[in-house]
Amino acid sequence: MAGLLVKIFVWFLESRIFGPVFLFFLKRNNLIHKLISNAEIQEAPVFVPLHPFEELNEQEVIEIDPNLSVPEKVQKAVNAIAPPVEKLVDGTKASFRRWTIMDYSRAYSSGVLTPLKVAQRFIAAVKESSARPLPMAFFINCDSEDILRQAEESTLRYERGEPISALDGVPVAVKDEIDCSPYPTTGGTKWLHKFRTCQGDACCVMRLRSCGAILVGKTNMHELGAGTSGINPHYGTARNPYDSKRITGGSSSGSAAVVSAGLCPVALGVDGGGSVRMPAALCGVVGLKPTFGRVPHEGVLPLNWTVGMVGILAGTIEDAFIAYAAISGQPVPHSPTLPSPKEYYPLLKPTRPISGIRLAKYGKWFDDCSDEIKKCCSHALDQLHNQYGWETLEVTIPEIEVMRLAHYTTIAAECQTSLSSYLEKLDVAELGWDARVALGVYGSFSSEEYIKAQRIRNRQLQFHRKIFAKADVIVSPTIGVTAYEIFDDARETGELDYINGAALVRYSIAGNFLGLPTITIPVGYDKLGLPIGLQFIGRPWSEPTLIHVAHAMQALCISECGKPEVFYDLLKED
């Protein structure tokens with residue numbers, strides 16, 4: 001549903017006469033009354049998915065001193081990454097690959113290129129992308145003068161032989177849900193920055209800046225993160241570099257697209273319901289959402305404080321790891337009585353991955369996606385078994401639909417609460433049509449429904465602990481469908497597409513609702529050449545194992561990496 005139909009839907013929803021009746025039937029037909037409102041749940045509520053740290057005895061890791069500076073942590077990550085090999089696991093060479101953080105670092109250190117030259121190319125590429133017949137709309141804000149100033153400073157450091165870290169001079173984009181000077185933080189709206197001013201860098205941005213990274217702008221996103229398509233009626237719709245007529249997915253749409261298109265090796269997103277992993281999978285890049293509490297949340301719009309996490313979009317696992325090293329690590333903010341979790345980094349070896357990994361597979365999940373995605377992801381699992389001897393265990397994850405609705409109740413209530421003081425002063429005409437629908441539904445949840453959702457969170461945590469007692473990682477497709485086309489009328493109003501929306505989000509919920517670390521890795525393409533992702537979900541604080549597993553998967557799939565239709569080569573030789 002899009003265009004005029006969305007406007008009619010909003011009229012009914014916001015009507016004082018019809019609205020309450022409309023919402024009643026909407027919630028009833030979506031089983032919220034049956035599975036949430038009227039459910040009898042014995043478990044006590046768990047309001048924050050904050051996991052106590054426990055030693056996991058992971059393979060091939062090193063412990064990181066918490067007193068290291070951020071550049072020192074980045075160097076530890078660089079040292080843990082094996083140098084690139086010419087031939088891949090199957091003996092072939094990759095036909096296409098994106099430039100990595102280390103490619104930028106080597107180009108600068110050797111004098112082949114300077115950060116200033118790359119910044120100039122970046123600015124020209126963004127300008128060209130906006131002038132295409134179908135504008136790519138990667139950014140909401142991008143300040144050329146600020147980019148050039150940062151690049152000039154980085155170039156001087158390299159000329160003196162004093163780069164701060166491997167990230168020095170590397171372009172990094174930031175989702176417009178995260179504070180980053182000198183830009184306002186809009187959350188994809190036309191109004192939020194008028195009420196909430198940006199006071200400086202978010203903690204995660206500050207850490208990247210301390211490594212010398214060039215913060216190149218604020219990327220486009222679905223308005224308020226309240227949708228899965230990434231369509232934004234205010235700033236243009238970020239388009240998929242593999243097919244510019246199709247969606248990137250959301251809500252971290254621009255961040256996924258700039259990495260896919262080669263403009264940045266790394267970008268930051270925020271993941272409250274798959275908002276990093278869905279667009280990563282649709283755009284053929286890596287998406288990492290760490291354990292809840294692993295990355296500081298200061299300076300991030302508090303739209304969903306118990307399910308949202310800063311995440312990383314990157315062209316490779318190695319780049320996601322380096323960015324993770326830069327932004328991770330903190331005393332746990334929600335419970336100062338708990339000790340800070342230890343940090344371990346994986347030691348990535350090119351030819352010998354960790355052994356004996358047990359992958360938990362819920363068979364019904366693999367049946368609940370398109371045939372092409374099922375075939376591609378099943379083939380990836382076969383490759384892991386044949387190449388590394390890893391075992392796949394069939395498991396059941398109970399009450400999946402209940403968990404999805406409990407997560408929706410939670411994210412809806414938290415978003416509505418966080419924005420309530422602003423919405424009272426707001427002219428609704430400043431909101432996009434689909435955002436008006438989302439906020440109309442969000443405001444319908446009661447405190448009793450919210451508490452029942454937290455009881456379900458406790459119940460699901462127990463289910464998942466039992467699975468992790470016999471498996472190291474849960475594996476699933478990342479998305480149920482590949483990128484679909486953007487219709488013209490949706491660009492003005494957004495869309496209400498609950499079928500595709502459910503197919504995109506269904507595999508993402510546990511990572512957010514239960515605070516578990518998750519990662520998606522591209523493993524192939526459908527017959528139209530659109531990317532497909534495979535997702536790994538880990539135990540709390542098991543990022544090293546997840547990175548190991550994803551690195552092993554990447555080694556088997558990277559030879560088939562396809563070049564996007566829209567791609568910019570910022571390191572090309574003159």
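**Exercise 1.** Determine where Asn304 lies, whether Asn304 is buried or exposed, and which residues Asn304 is in contact with.

*Solution.* Step 1: The model is a predicted one, and in it Asn304 belongs to the loop that runs between strand 8 (286-289) and strand 9 (309-314). Step 2: The relative accessible area of Asn304 is 10%. Buried means under 20%, so Asn304 is buried. Step 3: When neighbours within four places in sequence are left aside, Asn304 is in contact with Gly272, Ile411 and Glu414.

**Exercise 2.** Identify which residues of helix 2 are buried and explain why they are on the same side of the helix.

*Solution.* Step 1: Helix 2 spans residues 19-29, and Gly19, Leu23 and Lys27 are buried in it. Step 2: These residues lie on the same side of helix 2, because the arc they cover around the axis is only 60 degrees. Step 3: The general rule is that an α-helix has 3.6 residues a turn, so residues three or four places apart point the same way. Step 4: The packing partners of the buried residues of helix 2 are helix 1 (4-14), helix 3 (32-37), helix 16 (433-442) and helix 17 (447-468). Step 5: After helix 2 comes Leu31, with a positive phi near 70 degrees.

**Exercise 3.** Explain why the radius of gyration of the protein chain agrees with that of a compact globule, and state what percentage of the residues is buried.

*Solution.* Step 1: A compact globule of 574 residues would have a radius of gyration near 25 Å; the protein chain has 22 Å, which agrees. Step 2: Of the 574 residues, 62% are buried. Step 3: Among contacts between residues at least 6 apart in sequence, 81% join residues at least 24 apart. Step 4: The secondary structure of this chain consists of 21 helices and 15 strands.

Methods: Residues numbered from 1 in each chain as written. Predicted model: local features only at pLDDT ≥ 70, side-chain atom pairs only at ≥ 80, totals over all residues. Heavy atoms only, no water. Helix = DSSP H or I, 4+ residues; strand = E, 2+ residues; numbered from the N terminus. Rg over C-alpha atoms; globule rule 2.2 N^0.38 Å. Buried < 20%, exposed > 50% of the residue type's maximum accessible area, 1.4 Å probe, protein only. Contact = heavy atoms within 4.5 Å. Arc of directions from axis to C-beta.
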